[in-house]
Amino acid sequence: MSLATALRTRDVTELPGKRDEAWRWTDLRGLIRVLPAPSERFEGDVGQGPFDRLADDHHVLVNGGEARIDVAAGKKALAVLRLVSRGAGAHASRVTVNLAAGARLRLLESYESDGASLAQTTLVIMLAEGAVLERIVLAQDHEDAVSVSQADVLLAPTADFGQTVVASGSRRQRIETVVAHPGGRASVRLDGVYLLDGKRHSDHTTVVTHTGVDGVTNQLVKGVVRDQARGVFQGRIVVNEGADRTDARMGHHAQLLSDRAEVDAKPELEIYADDVSCAHGNTVGAMDEDALFYARQRGIPEAEARAMLTEAFIGQVIDRIWFEAARRVLRTWAGKRLRG
Amino acid sequence: MLSISNLHAAVEGKEILKGLTLDVPAGEVHAIMGPNGAGKSTLSYVLTGRQGYEITGGGTTLDGEDLLALEPNERAARGVFLSFQYPLEIPGVPALTFIRTALNAQKKARGEPEITAPAFLKLAREKAALLKIDFDMLKRALNVGFSGGEKKRMEIFQMAMLSPRFLILDETDSGLDIDALRIVSEGVNALRSPDRAMLVITHYQRLLDYIKPDRVHVLAGGRIVASGGPELALELERDGYDRYARAA
Ligand SMILES: Nc1ncnc2c1ncn2[C@@H]1O[C@H](COP(=O)(O)OP(=O)(O)O)[C@@H](O)[C@H]1O
Ligand SMILES: [Mg+2]
């Protein structure tokens, strides 16, 4: 069962749904009765992407297609990758990212849609020894869109992979990252922020499998959900037998800002090795009303005080991004959304 | 300036303030003393508009305006400032950012121009030096990981930066050693002026050696049960609150 297969075969029964454990909170089978027609080629102007100004190398896929980003051994690169949907059709995209030994890449990826499209993106990301990739994803889909991004990340020992996904949700939005972690001082950061309002839905699903000794995984995901929106976090870290001295940390913290907002969280640490250092924390709560009063007592109006406290809450995730210019873009983006 | 008349207030259905009447004219410093649980902090929260405090009778005006009808931030913009007994932590918001946001929000509400970044920093450096606050501390998240004494000092720093007109100090002396107490009191005294007034809430007489009150009131059982000059504080220090607790 997969959305990619459903799109290829045009068979709705292939859609993942409630009966698939990994999709029970993002039920596409129950949502989509009839697949939209395949998207048409789009020839018009798609405007500016959120990271356009930070890089010269732009890869733009509109209504599907393929892209490939290669960085040669020891080289440094900075690339923008835009996955754009125009109209209300269905399409799939495929992206391959390949970093040779010691290569470094900053990948600035965005999901942009303008209607009730159904989009699936497959990414295959490979890092050779000593390669460093920071992947920043801004998923700013249209509220009617269904958008699923699925990345398979293959790391060699000593590779360094940092990821931060910032998402505002859509009718159904899912960002999935599956990491094969070989240990051997390879290191993974797998962060996320979701900022949801209206009836938006955003699903952050990650699976990291540690297969060798001395691997590091650090995850911090924070979400703020208002109105009738719904956030989903499924974080799974598996430490295989023999993957000793693995250091795995997972944190997921969400704030519900209304009675009808919802967060479904399933943090899982599956440890089969003996000598590991693991920690996880998962909290779902409300905004700190005492802190809110304190800010208002100092003269800050309620709406601004709420925006400020939310900004600070998710800011702790944004601060972990290495690429300062991307940090700035995301902070500004979040600030506007919170005050919009 | 501030006029409280026959104020009744309840928390979770339980009446805590039971007909409190008090006038604090401009230019004066009034101390409120009383046993634990008398309702001193409740009074400070009612005056500043904290949620969960229900006004069940009476009223309060500031310069003739109905104070209790205003939002907490509107009261702040009119110049009401509370130095909290237990200041809150604001994770992720640097102290300077927080205070600048507050100052500009107040100015905006009053129709004044915003303070520029350089002018703000200059003011902050000046006030930090007076209160012997390390400037680097102001770049840290407000009150997060600060000691009790540091938090109290930050309250007075915020007060100095916002220069309010009606100041409420709720047990500002607790958690301060004698040096810090002197510095903080100097900060408070610097704000004494003919167009400002203060309500100094304290459990102990000690603070009043530094911030000399014009009037002293005893709050017990949700009411002002005695009022007098500074000598009343000394008498309370000597004899305790027993007599008043019984009277309440
Ligand atoms: N949030 C609250 N919920 C329930 N009771 C409260 C609350 N705040 C204060 N009280 C009660 O109100 C009374 C007065 O408390 P407080 O105003 O804090 O006294 P003080 O500051 O004089 O020590 C006490 O009996 C206290 O238990
Ligand atoms: Mg108190």
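# Ligand 1 and its surroundings

User: How far does a backbone N or O atom of B:Ala38 lie from an oxygen atom of ligand 1?
Analyst: The model is a predicted one, and the distance asked for is computed from its atoms. A polar contact needs a pair of N or O atoms within 3.5 Å, so that cut-off is the one against which the pair should be read. Between a backbone N or O atom of B:Ala38 and an oxygen atom of ligand 1, the distance is 3.2 Å.

User: Which element gives the largest share of the shell around ligand 1?
Analyst: Two elements of chain B give two or more residues to this shell, namely strand 2 (14–24) and helix 1 (40–48). The ligand is surrounded by 13 residues, with B:Gly37, B:Gly39, B:Lys40, B:Ser41 and B:Thr42 as the closest. The largest share amounts to three residues, and the element that provides them is helix 1 of chain B.

User: How many residues of the shell around ligand 1 are charged?
Analyst: The residues of the shell can be sorted into three classes, of which the nonpolar one holds five and the polar one also holds five. What remains is the charged class, and its number of residues is three.

User: Is B:Glu12 buried or exposed?
Analyst: B:Glu12 sits in the loop between strand 1 (2–11) and strand 2 of chain B, and its phi is near 50°, a positive value in a residue other than glycine. Its relative accessible area is 80%. Since exposed means over 50%, B:Glu12 is classed as exposed.

User: Is A:Asn63 buried or exposed?
Analyst: A:Asn63 is also not a glycine, yet has a positive phi, near 55°, and its place is the loop between strand 1 (57–62) and strand 2 (65–71) of chain A. Its relative accessible area is 11%. Because buried means under 20%, A:Asn63 is classed as buried.

User: With which residue does the side chain of B:His217 make a polar contact of 2.8 Å?
Analyst: B:His217 belongs to strand 9 (residues 215–220) of chain B, where its relative accessibility of 5% makes it count as buried. Its side chain makes a polar contact with the side chain of B:His30 at 2.9 Å. The contact of 2.8 Å is likewise made with a side chain, that of B:Ser227.

User: On which side or sides of helix 7 of chain B do its buried residues lie?
Analyst: Helix 7 (residues 231–239) of chain B has B:Leu232, B:Ala233 and B:Leu236 as its buried residues. Around the helix axis they cover an arc of only 100°, which means that they lie on the same side.

User: Which exposed residues does the face of helix 7 of chain B turned away from its buried side carry?
Analyst: An α-helix has 3.6 residues a turn, so residues three or four places apart point the same way. In helix 7 of chain B the buried residues share one side, and the face turned away from it carries two exposed residues, B:Glu231 and B:Arg238.

User: What radius of gyration does chain B have?
Analyst: Chain B has eight helices and ten strands, and its C-alpha atoms fill a box of roughly 55 × 40 × 35 Å along the principal axes. Of its 248 residues, 55% count as buried. A compact globule with 248 residues would have a radius of gyration near 18 Å, and chain B agrees with this, having a value of 18 Å.

User: How far apart in space are B:Thr21 and B:Asn6, C-alpha to C-alpha?
Analyst: B:Thr21 is in strand 2 of chain B and counts as partly exposed, at 46% relative accessibility. In sequence, 15 residues separate B:Thr21 from B:Asn6, while in space their C-alpha atoms are apart by 5.0 Å.

Conventions:
Residues are numbered from 1 along each chain as its sequence is written. Chains are lettered from A and ligands numbered from 1 in the order in which they are written. This is a predicted model: local features need pLDDT of at least 70, side-chain atom pairs count only at pLDDT 80 or more; totals for chains, interfaces and linings use all residues. Side-chain values use heavy atoms; hydrogens and water are left out. A residue is near a molecule or strand if one of its heavy atoms lies within 4 Å of it. A polar contact is a pair of N or O atoms within 3.5 Å; within protein, one must be able to donate a hydrogen and the other to accept it, and residues adjacent in sequence count only if both atoms are side-chain atoms. Helices (H or I, at least four residues) and strands (E, at least two) are DSSP runs, numbered from the N terminus. Ala, Val, Leu, Ile, Met, Phe, Trp, Tyr, Cys and Pro count as nonpolar, Asp, Glu, Lys and Arg as charged, and the others, Gly among them, as polar. Buried means under 20% relative accessible area, exposed over 50%, partly exposed in between (1.4 Å probe, protein chains only). The arc is that of the directions from the helix axis to the C-beta atoms. The radius of gyration is taken over C-alpha atoms; the globule rule is 2.2 Å times the number of residues to the power 0.38.
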